[in-house]
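Student: I am new to this structure. Could you take one part of the model and walk me through it closely?

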Amino acid sequence: MRKIFLLAVLMMFIFVNEACAKSIEKLLAKSETARKTDQIILVVDHSLSLWNKLEDGTWQMDFETRCNYGLNGFNLNRHEGDKTTPIGAFPILYAFGMGDNPGTEIEYKKITPRSYLSGEYATYNTWVESDSYIAGEHLIDYKPEYNYAMNFGFNINPVVVGKGAAIFLHCNSTYKNWTSGCISVPEDIMLEILLKARRGEYIMIVPRAEDIANY
């Protein structure tokens, strides 16, 4: 009797998950972002999933995992230091990491001791190679977070000083389950995302599934 009950619970769980995935697929298909790309990294609260557009125009989920985000949640109008994660849809600009390109087809930058993501006025929110100190993030200091990472197009075109810089998708920290505004996942998942990434990929970040329709 117990086995029958557990099987029924499992079947119900599978049914609910499939229904939820189908609902999200429909929302994605109708979104503005779906017309710009054929691959979307979707973040809904603590869930990150990778979606690919099929030849018939429908969307299919590749995988789903738990992710971390800003300590103070999501924000449409974030600013530097508020520890919130931006809401919206953003193009993936490039990947980067501590070592050589692991095999991703998108642009990849190897971190060097000279690599910074600038917080200075003239170069705010851009990658800078410098022999002298640059205000912002000295990327080589962020291990394991930046073992593998992606920079996406938050606060570009135009860049607004003070809105926030260095908002990435990166590997989890070893000592906390939140970020200062980025999205983070386990390192093996980050590597999988890089290996499956296509040129022109977007990331969409929303607090609720129903918000997908807005982007």
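Tutor: Confidence comes first. The protein averages a pLDDT of 92, and 91% of the residues score at least 70. Here pLDDT is the predictor's confidence in each residue, from 0 to 100. This is a predicted model, so local features need pLDDT of at least 70, side-chain atom pairs count only at pLDDT 80 or more, and totals for chains, interfaces and linings use all residues. Residues are numbered from 1 along each chain as its sequence is written, and side-chain values use heavy atoms, with hydrogens and water left out.

One stretch needs care. Over residues 5-16, pLDDT stays under 50. The model has 0 contacts beyond four places in sequence for residues 5-16; a contact means heavy atoms within 4.5 Å. Where pLDDT is low, the predicted coordinates should not be read in detail.

Strand β11 covers residues 148-152, and β12 covers 168-171. (Strands are DSSP runs of E, at least two residues, numbered from the N terminus.) N157 sits in this loop. The peptide bond from N157 to P158 is cis, with omega near 5°. N157 also has a positive phi of about 45°, although it is not a glycine. N157 counts as exposed because its relative accessible area is 73%. The cut-offs are these: buried is under 20% relative accessible area, exposed is over 50%, and partly exposed is in between, with a 1.4 Å probe and protein chains only.

A166 lies in the loop between β11 and β12 as well. A166 has a positive phi of about 60° and is not a glycine. A166 is buried, with a relative accessible area of 5%. N157, in contrast, is exposed.

S184, in strand β13 (residues 183-185), touches H170 and C171, among others. Its contacts beyond four places in sequence also include C67, N68, N172 and T179. The side chains of S184 and N172 are joined by a polar contact of 2.7 Å. Such a contact is a pair of N or O atoms within 3.5 Å; within protein, one must be able to donate a hydrogen and the other to accept it, and residues adjacent in sequence count only if both atoms are side-chain atoms. S184 is buried, at a relative accessible area of 2%.

Another cis bond is found elsewhere. A cis peptide bond joins K143 and P144, with omega about 10°. P144 lies in the loop between β10 (136-138) and β11.

Definitions and conventions
Helices (H or I, at least four residues) and strands (E, at least two) are DSSP runs, numbered from the N terminus.
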